[in-house]
Amino acid sequence: MSSRRQLKAAEAIREVVATAVLKDIRDPRVRDVTVISVNVSPDMREAKVSVSVMGDESQKQLSIRGLQNSAGFLQSKIANRLDTRYTPRLSFELDKGQENAMAVTEILARIRAEQSGETLPESDDQPAEAHDTDAGEESRSDDTPPQNNQDNSGQSN
């Protein structure tokens with residue numbers, strides 16, 4: 001369990017990094033970055049910063065590299081804010097929570113559509129897991145447009 005001191009330090013680090021990403025970092029690689037959370041080690045020497053990056057996988061990796069290169073600058077900003085013996089060493093990791101939530105929402109929408117007898121057109125933005133279902137593959141047809149209310153023409157939804 002994290003101590004109150006660790007939680008306060010993590011929140012202060014999150015605020016400093018988020019503000020610096022928005023206002024101070026001029027690296028063109030660091031774009032569309034949102035700081036999600038910070039986890040501080042018990043000895044307060046390391047901090048893992050979870051970030052979410054909008055864009056494709058190459059943009060995400062580019063932003064992480066840009067943040068790693070800006071870590072020294074960010075640590076100096078943190079040192080000015082925190083009154084501790086050691087300034088935590090920053091490491092950055094991608095937070096996949098938003099992507100996972102979107103994938104789950106898409107899967108649930110497909111399940112609801114299958115239960116109601118409707119078919120949804122498949123998009124290219126879906127994760128690979130959504131394409132692996134047997135029912136989804138049988139009802140998919142790239143040559144014909146999707147048909148709604150198939151076999152349920154007399155029923156209302």
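Is R110 buried or exposed, going by its relative accessibility? At 13% relative accessibility, R110 counts as buried (buried is under 20% relative accessible area, exposed over 50%, partly exposed in between, with a 1.4 Å probe and protein chains only). The model is a predicted one, in which local features need pLDDT of at least 70 and side-chain atom pairs count only at pLDDT 80 or more, while totals for chains, interfaces and linings use all residues. Residues are numbered from 1 along each chain as its sequence is written, and side-chain values use heavy atoms, with hydrogens and water left out.

The N to O distance between their side chains is 3.6 Å (a salt bridge puts a side-chain nitrogen of Lys or Arg within 4 Å of a carboxyl oxygen of Asp or Glu). E106 is partly exposed, at 26%. Helix α4 itself runs over residues 97–116 (helices, H or I, of at least four residues and strands, E, of at least two are DSSP runs, numbered from the N terminus). Its buried residues are A103, R110 and A113. These cover an arc of only 90 degrees around the axis, so they lie on the same side of α4 (the arc is taken from the directions from the helix axis to the C-beta atoms). Turned away from that side are the exposed Q98, T105, R112 and Q115. Just after the helix, G117 has a positive phi of about 90 degrees.

Now for the core. The largest nonpolar core holds 27 residues (such a core is a set of buried Ala, Val, Leu, Ile, Met, Phe, Trp, Tyr and Cys residues joined through side-chain atoms within 4.5 Å). Its largest share, eight residues, is supplied by α1. V17 is among the residues with the most contacts inside the core, and touches V35, V49, L74, I78, L90 and F92, leaving aside residues up to four places away in sequence (contact means heavy atoms within 4.5 Å).

Strands β1 and β2 pair antiparallel over seven bridges (pairing takes at least two DSSP bridges between two strands). V38 stands opposite V49 of β2. Five residues lie between the strands of this hairpin, and M44 in the turn has a positive phi of about 65 degrees.

Across the whole structure there are six salt bridges. One of them joins D24 and K77 at 3.2 Å, N to O. This pair links distant parts of the chain, 53 residues apart: D24 is in the loop between α1 and β1, K77 in helix α3.

Definitions and conventions: The expected span of a helix is 1.5 Å times one less than its number of residues.
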